Amino acid sequence: MEVQLQELIEQIKNEGVATAEAEAKTIIDEAKAKAEKIIADAQAEADKILGNAKTDTERMTKSSEDAIRQAGRNLLLSFRESVARELKAIVGENVTAVYSSDSLAGLITNIVERWATNPDAEDITVILSPQDLIRLEENLLAALKEKMLKGITLKANDNFDGGFRIAVNNGSAYYDYSVEAVVDMLSNYLNPRVTELLKEA
């Protein structure tokens with residue numbers, strides 16, 4: 001009887017160990033599966049985060065490059081405008097200096113002389129600012145008379161700041177040699193040349 005009892009205890013013990021081992025294996029397998037799923041989910045999430053970060057980085061890089069390009073274009077435009085303003089100011093100072101000197105009378109005389117040779121030009125009028133007319137009238141008329149140029153009228157215009165205009169055929173056409181017109185003309189002529197020089201530099 002004692003042997004049977006011993007066998008029964010052994011059998012119960014073996015069955016309990018087998019059951020425990022089976023349960024332990026099931027628990028371990030489930031834990032492994034859960035761990036693998038957690039790792040797979042974490043890897044997928046990491047890949048997604050990295051993909052989003054890469055996309056964001058590319059977008060930010062492109063945006064930064066575009067901003068740098070635009071800033072470069074703005075800087076060049078600003079520089080060109082600044083050079084154009086400086087150039088216009090320098091040209092303006094020089095034109096004003098020439099027009100305020102005694103050489104203005106000679107310049108007007110030469111231009112009127114050339115105009116007078118044109119058979120279609122009748123009734124030539126030289127329009128000046130009131131101050132220039134007072135300053136130049138005597139010398140200018142004497143120079144024109146000396147060149148035997150008749151039918152030339154000198155006229156003041158209060159809306160005229162400096163330089164002169166030549167009007168022909170009772171004002172039906174005129175040619176503008178005012179400070180503003182000459183500065184614009186010279187600046188427009190010089191700007192492309194300055195731009196080329198800047199490109200070469």
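This report walks through a helix, a sheet and the core they share in a predicted model.

Let's start with helix H2, which covers residues 103-116. Its 14 residues reach 20 Å from the first C-alpha to the last, close to the 20 Å expected at 1.5 Å a residue. Several residues of H2 are buried, among them Leu104, Ile108, Val112 and Trp115. A helix has 3.6 residues a turn, so residues three or four places apart point the same way.

Next comes the sheet. It is open, has four strands in the order E2-E1-E3-E4, and its pairing is mixed. E2 and E4 stand at the edges with a single partner strand each, so one side of each is left without a neighbour in the sheet. Neighbouring strands are turned by 20 degrees against each other on average, direction ignored. E1 and E2 pair in the parallel sense over five bridges, and leucine 128 has alanine 156 in E2 as its bridge partner. H2 packs on this sheet, touching E1, E2, E3 and E4, and its direction makes about 15 degrees with that of E3.

Which elements give two or more residues to the largest nonpolar core? The core has 24 residues, and these are its contributors:

| Element | Residues |
|---|---|
| Helix H1 | 2-99 |
| Helix H2 | 103-116 |
| Strand E1 | 124-128 |
| Helix H3 | 130-146 |
| Strand E2 | 152-156 |
| Strand E3 | 163-168 |
| Helix H4 | 179-200 |

H2 provides the largest share, six residues. Ile108, Val112 and Leu140 are among the residues with the most contacts inside the core.

Conventions: Residues are numbered from 1 along each chain as its sequence is written. This is a predicted model: local features need pLDDT of at least 70, side-chain atom pairs count only at pLDDT 80 or more; totals for chains, interfaces and linings use all residues. Side-chain values use heavy atoms; hydrogens and water are left out. The expected span of a helix is 1.5 Å times one less than its number of residues. Buried means under 20% relative accessible area, exposed over 50%, partly exposed in between (1.4 Å probe, protein chains only). A nonpolar core is a set of buried Ala, Val, Leu, Ile, Met, Phe, Trp, Tyr and Cys residues joined through side-chain atoms within 4.5 Å. Two strands pair if DSSP finds at least two bridges between them. Axes are lines fitted to C-alpha atoms, for helices over the stretch in contact, and angles run from 0 to 180 degrees between N-to-C directions. Contact means heavy atoms within 4.5 Å.
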